[in-house]
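I opened this notebook to record what I looked up in one structure. The entries follow the order in which I worked.

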Amino acid sequence: MEKKKLYIQTFGCQMNVQDSEKMAALLEGSGYESTDDSGLADLIILNTCSIREKAAQKIYSQLGRFQALKAQKPQLIIGVGGCLAQQWGERFFRRAPSLDLVFGTHQIHRLPEMVGDLERKGERKVETDLCDRVCSLELPAQPPSGAISSFVTIMQGCNNFCAYCVVPYLRGREESRPLPEIVGEVEMLTRRGIREVTLLGQNVNSYGQTRSDGRDFADLICTLGGIAGIERIRFTTSHPKDLSPRLIGCFGKVAPLCEHIHLPVQSGSDRVLGLMNRGYTAGMYLEKVAALRKACPGISITSDVIVGFPGEEESDFEATLALMREVRFDNLFSFQYSVREGTAAASMDQKVSSAVKRERLQILQELQAVHTLENNRACIGRMESVLVEGPSKKESTEMTGRTRGNRIVNFEGKRDRIGKTMFVRITEAFPHSLHGEMEEKGAADVH
Ligand code: 5AD
Ligand code: SF4
């Protein structure tokens, strides 16, 4: 019998990318196969994100397109999952009258059952309960075949309640997976050819705090570092207040742990950090950066910043620029503050105008472009170990991969190098990538 076709579109963060892979694997077990063409689909799922207003707008317009498709093909099933589904629940049906299924962030494991019910009974469904024990957290990673890198979810939810952030309301309270389960999953992934794992969670530094076995994130890193076949370990995302000296000490000591940390600062102003409920000052952040650089000279440090948080004055913004000049981040993701329903900041006065937010964002991005290029240029002449990911997008004869510091490197090379770690001498630096020449003498040995 011909299989039914499944089309999943993913919005937002890496957590969602991973959840979509799990959804596909679950539905492949109940008679579906994935397609890249939404026009051929029998089932379309939008895995949504609600972190910022812009992401939500994109999703509504895409849903409009899929509804038009359904007008021509009434048997098509359309479902929405992820954070926006969790937030809107039943209300999603009002926005999208031909939608069939709304399922929340804790309901992924029930997807085959929900879709089966829909096929049999044709009833619309809303399933957005946040469970005490998150069953979908137990679903193993399902990287596409041939992949060399995989995400591994180690925890879900967040207990921090930063004033701007909707995540704790949509992903529920923090819940960590047992350490042996994570180890088993990483071992399974190595048997499938995975060489690099990125440990995922809203705040990985507080891994283990909800468990009673006394094992923390540093323990997890050390244990995973001993698994044969795992060449690179990364993690995201970290909260500066929970970055412990033990974890800092893992850099440079646990061989597969890559020399890169994404450490969102959000603002350089103590007053704004207080309003945001971040639990640290700019000075404390700078101390952590200094400790990281002492433990691991040359470590790449990337960050997130929000401009235009309610009450942000010109002097607060200047403090953010001053912090950036001091740290000189290797890369920075920057956003204009957007109001999220239900968060503490939504009811704060002194909202910053769109024009000011836009202007501040531009100034900040111009400064970051200088720092990124400066740091990229400093790589020229260095020999970097590069895990080769595949052909480069622009040049057919070139391969692309990443350094341990997470910089993209393009270089002349053959396809048989994909999945291998090569030494590459860096020859040129660009705003978003490096160019280099591969050493012909075989793969760089593990780490
Ligand atoms: N407005 C703007 N940016 C936000 N982020 C989270 N919530 C908001 C919001 N309401 C940003 C933060 C976070 C990143 C994932 O998204 O910088 O680190
Ligand atoms: Fe949101 Fe703060 Fe939790 Fe990150 S730590 S998910 S920004 S509440």
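This is a predicted model: local features need pLDDT of at least 70, side-chain atom pairs count only at pLDDT 80 or more; totals for chains, interfaces and linings use all residues.

Entry 1. I asked in which order the strands of the open sheet are arranged. I found three strands in the order β7-β10-β11, and their pairing is parallel. I then looked up which strands form the edges. They are β7, residues 149-153, and β11, residues 232-236, each of which pairs on one side only.

**Entry 2. One strand pair.** I turned to β10, which covers residues 196-200, and its pairing with β11. Five bridges join these two strands in the parallel sense. Within this pair I located L199, and I found F235 of β11 opposite L199.

**Entry 3. Helices on the sheet.** Which strands does helix α7 touch? I found that α7, residues 179-191, packs on the sheet and touches β7 and β10. The direction of α7 makes about 165° with that of β7. I next examined helix α8, residues 217-225, which also packs on the sheet and touches β10 and β11. For α8, the angle with the direction of β11 is about 155°.

Entry 4. I listed the residues around ligand 1 as I51, R52, Y164, Q266, D304, I306, F335, Q336, Y337, S338 and R340. Sorted by class, this shell has five nonpolar, three polar and three charged residues. I noted that strands β13 (300-307) and β14 (331-336) each supply at least two residues of the shell.

**Entry 5. Polar contacts of ligand 1.** I looked up the distances from ligand 1 to individual residues.
- A polar backbone atom of Y164 is 3.1 Å from a nitrogen atom of ligand 1.
- An N or O atom in the side chain of Q266 is 2.7 Å from an oxygen atom of ligand 1.
- A nitrogen atom of ligand 1 lies 2.8 Å from a backbone N or O atom of S338.

How much of the accessible area of ligand 1 does the protein cover? On its own, ligand 1 has 400 Å² of accessible area, and the protein covers 87% of that.

**Entry 6. Surroundings of ligand 2.** I found ligand 2 surrounded by C158, N160, F161, C162, Y164, C165, V167, P168, Q202, H239 and R278. By class, the shell around ligand 2 has seven nonpolar residues, three polar ones and one charged one. I noted finally that Y164 is listed around ligand 1 and also around ligand 2.

Definitions and conventions:
Residues are numbered from 1 along each chain as its sequence is written. Chains are lettered from A and ligands numbered from 1 in the order in which they are written. Side-chain values use heavy atoms; hydrogens and water are left out. Two strands pair if DSSP finds at least two bridges between them. Helices (H or I, at least four residues) and strands (E, at least two) are DSSP runs, numbered from the N terminus. Contact means heavy atoms within 4.5 Å. Axes are lines fitted to C-alpha atoms, for helices over the stretch in contact, and angles run from 0 to 180 degrees between N-to-C directions. A residue is near a molecule or strand if one of its heavy atoms lies within 4 Å of it. A polar contact is a pair of N or O atoms within 3.5 Å; within protein, one must be able to donate a hydrogen and the other to accept it, and residues adjacent in sequence count only if both atoms are side-chain atoms. Accessible areas come from the Shrake-Rupley method with a 1.4 Å probe; for residues, only the protein chains shown count as cover. Ala, Val, Leu, Ile, Met, Phe, Trp, Tyr, Cys and Pro count as nonpolar, Asp, Glu, Lys and Arg as charged, and the others, Gly among them, as polar.
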